[in-house]
Amino acid sequence: MSYQALATQLKVLADPSRLEIMDLLSCGELCACDILAHFEFSQPTLSHHMKALVGCGLVTARKDGNKQMYQLNAEQLAYINENLTQLHTANARCICRNMKGGAC
């Protein structure tokens with residue numbers, strides 16, 4: 001587990017608008033115009049949020065003609081879920097096994 005990568009993704013997800021965008025995308029791929037229609041903020045604000053989500057790998061983007069299409073990255077969401085589960089579960093990969101005295 002990379003604590004830095006996980007922390008970066010969690011920081012991006014800590015924004016309520018980004019969580020709402022993720023929820024919208026859970027229904028399937030959407031174009032930027034459809035996402036924007038759901039919110040009361042400007043196109044540059046949406047671009048800022050999408051850049052953060054795409055930048056940390058939580059969302060994928062592709063061009064379809066003149067439309068920008070977005071989709072959840074299921075692999076990254078599974079990665080986050082798996083690593084968060086490991087944080088509260090003692091297992092063979094647990095960091096505490098490297099501690100003196102082996103706390104686990």
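How many salt bridges does the structure hold? The structure, which is a predicted model, holds 1 salt bridge.

**Salt bridge**
- The partners are Arg62 and Glu29, and their closest N and O atoms are 2.8 Å apart.
- Arg62 belongs to strand E2 (residues 59-64), whereas Glu29 sits in the loop between H2 and strand E1 (30-31), so the pair ties together parts that are 33 residues apart in sequence.

**Packing of H2 and H4**
- Helix H2 covers residues 16-25 and helix H4 covers residues 43-55; they pack at an angle of about 75°, and their axes are 10 Å apart.
- Angles of 65 to 115 degrees count as roughly perpendicular, and H2 and H4 are therefore roughly perpendicular to each other.
- On the H2 side, the contact is made by Ser17, Arg18, Ile21, Met22 and Leu25.
- On the H4 side, the residues in contact are Leu46, His48, His49, Met50, Ala52 and Leu53.
- Sorted by class, the contact of H2 with H4 has 7 nonpolar, 3 polar and 1 charged residues.

Technical notes: Residues numbered from 1 in each chain as written. Predicted model: local features only at pLDDT ≥ 70, side-chain atom pairs only at ≥ 80, totals over all residues. Heavy atoms only, no water. Axes fitted to C-alpha atoms, helices over the stretch in contact; angles between N-to-C directions. Helix = DSSP H or I, 4+ residues; strand = E, 2+ residues; numbered from the N terminus. Parallel < 35°, antiparallel > 145°, perpendicular 65-115°, else oblique. Contact = heavy atoms within 4.5 Å. Nonpolar A, V, L, I, M, F, W, Y, C, P; charged D, E, K, R; others polar. Salt bridge = Lys/Arg side-chain N within 4 Å of Asp/Glu carboxyl O.
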